[in-house]
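Hi everyone, and thanks for coming.

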Amino acid sequence: SHPGSVAGDQAPLKIQSPAFVVKSIRQSSVFPWAINVIYVSIVANVELTGNTQAALTISGLLGSTTGQDASFDTYNTLSLTYSAGSPSIFGLNGSWTRETGQLLLQMVPAASHSAGQICAFSFELRNPGKANDESASISIRSSSSSALLRLPVVAMDMMPLALLNFTGSVGGDALPLRVKSPSFILARFHQSTTYPGKLNTIRITLVTNVDCLDAAPHAFINETIVTITGLIGSATPSSSQLAVGGPGAAIFGGTGAWYQNSGTLMLKIAAGHKISAGSAIDLTLPLVNPARGCQSPRLFTYVAAVCARVGSDTNGSLVMPARYIDVDLATALDELGSVAGDSAPLFVRSPSFVVRKISQSNPVAGAVNIITLTLIANVDLSSSTVLTLRGLAPTSTPSSPRTLLAGGYSVSPQLGSGTGTYNFYGDTWTSNDRGSTWLQVSNGTGASWSAREG
């Protein structure tokens with residue numbers, strides 16, 4: 001089969017008109033101000049020869065800023081890079097006209113390119129600093145002193161569903177000179193615990209589509225600040241230098257200004273550092289959970305930035321629009337009792353037993369029965385805490401201290417109710433004829449006991 005072949009081409013003496021049978025084009029970046037590599041692949045169904053003054057013209061590459069600073073003429077020279085194994089039939093350079101978005105490629109006089117042979121090359125253009133969401137109409141044609149080699153103007157084939165190699169890419173990003181507005185293309189938050197009153201590590205991942213640099217003396221805005229707002233409910237007090245961790249902490253000097261009431265964290269880019277477009281910034285933020293349960297403020301949490309310099313040293317300031325955070329609602333946390341959705345930042349469960357298991361050893365009437373109780377709380381339980389177990393009636397065991405056969409984690413020396421004082425390791429508990437049991441403990445790490453009932 002030949003490149004560009006379609007059904008029916010095997011019919012005897014069916015001949016195609018001279019044309020490009022492969023004519024694809026795609027880009028490498030949708031980022032504003034970025035250097036954008038444009039990739040082109042062509043295959044003609046006739047032999048192209050340089051001695052016929054053959055030339056290739058690609059038109060419609062509108063919107064690039066490459067060449068806008070030309071002082072004396074509208075032409076610039078673009079360097080060509082050929083794919084491995086592809087013949088360099090157009091030499092090393094092409095002529096670029098920014099106003100018309102046209103690239104002219106003259107064939108090397110001694111070069112020839114066989115019919116059906118692929119030629120793949122690339123060149124670089126600089127993206128504009130503003131959004132361009134419209135699909136460009138890009139065409140290709142060839143000219144020649146030979147009428148046979150004058151291939152007509154045709155639209156080039158693009159890849160409307162192709163993704164690019166960066167986090168957050170979507171279909172359409174490979175369309176040539178499709179450019180996104182300066183923005184956060186990813187803002188993902190994930191917490192470590194839902195337990196009330198516990199130190200909670202908020203893991204933050206940020207990705208921008210534009211370089212954000214530290215301030216310069218000539219900048220209109222004298223600092224670049226990333227602001228996260230809406231982390232309401234934390235018990236961590238306000239601080240002008242709250243420590244932040246993670247691989248990206250050095251970009252912001254390892255600290256940020258924290259405002260408790262509004263749940264706002266302001267991160268200033270440190271001198272000599274920058275946020276690189278497309279690169280993930282991973283941070284950890286230590287916040288103490290409130291002592292009571294609360295819903296996550298994720299629907300009101302967003303990130304924005306004021307940038308002193310963007311794109312390069314010569315580009316100006318901008319305010320990057322706010323975007324709401326992304327939350328993983330499908331993953332459970334690595335803690336007992338966790339379910340999907342617990343990773344939403346500052347979602348805190350009410351104080352409770354996350355593990356509460358009870359079992360018996362013997363169902364036979366009148367037999368000795370060992371009742372095993374396992375409890376784990378999501379808060380620390382103080383020495384004054386009284387645990388009440390109800391529903392162990394009816395039983396033939398009279399009200400009296402019962403023997404604890406086994407213990408889990410340490411509890412306080414006081415284990416009982418008003419009927420007396422009992423030592424945990426003294427192997428007693430207290431029960432009554434209503435089937436209630438009192439256990440006084442010193443922490444909420446977890447405990448497991450067995451008691452013998454007759």
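Predicted model: local features only at pLDDT ≥ 70, side-chain atom pairs only at ≥ 80, totals over all residues.

Let's begin with a pairing question: which side chain does Glu 99 meet in a salt bridge? The partner is Arg 98, and the N to O distance is 3.7 Å.

For anyone who likes a reminder, side chains of opposite charge can pair when their charged atoms come close.

Asp 211 sits in the loop between β14 and β15, which covers 212-213, while Lys 274 belongs to strand β20, residues 274-275. The two parts are 63 residues apart in sequence, so this pair ties them together. Asp 211 counts as buried, with 18% relative accessibility, where the cut-off for buried is under 20%. Lys 274, on the other hand, is partly exposed at 39%.

The other one is between Arg 349 and Asp 342, whose side chains meet at 2.8 Å, N to O. Here, Arg 349 is partly exposed, with a relative accessible area of 25%, whereas Asp 342 is buried at 1%.

Now let's go inside. Which residues touch the most other members of the largest nonpolar core? They are Leu 206, Val 226, Phe 252 and Leu 285, in a core of 34 residues. Several strands supply at least two residues each, among them β13 (184-190), β14 (199-208), β16 (225-229) and β24 (318-324). The strand that gives the most is β21, with four residues.

Take Leu 206 and click around its surroundings. Setting aside neighbours within four places in sequence, its contacts include Phe 184, Leu 186, Ala 187 and Phe 189. Further along the chain, Leu 206 also contacts Val 226, Ser 279, Ala 280, Ile 281 and Val 303.

If you want to look at cysteines in the model, Cys 119 is buried at 0% relative accessibility, and Cys 212 is buried at 1%.

Last stop, the backbone. Most residues other than glycine have a negative phi, and most peptide bonds are trans. With that in mind, look at Leu 177, which is not a glycine and yet has a positive phi of about 60 degrees. Leu 177 lies in the loop between β12 (154-155) and β13, and is buried, with a relative accessible area of 1%.

Leu 346 also has a positive phi of about 60 degrees without being a glycine. You'll find Leu 346 in the loop between β25 (326-327) and β26 (353-360). At 0% relative accessibility, Leu 346 counts as buried.

That's my tour, and I'm happy to take questions.

How values were computed: Residues numbered from 1 in each chain as written. Heavy atoms only, no water. Core = buried A, V, L, I, M, F, W, Y, C linked by side-chain atoms within 4.5 Å. Buried < 20%, exposed > 50% of the residue type's maximum accessible area, 1.4 Å probe, protein only. Contact = heavy atoms within 4.5 Å. Salt bridge = Lys/Arg side-chain N within 4 Å of Asp/Glu carboxyl O.
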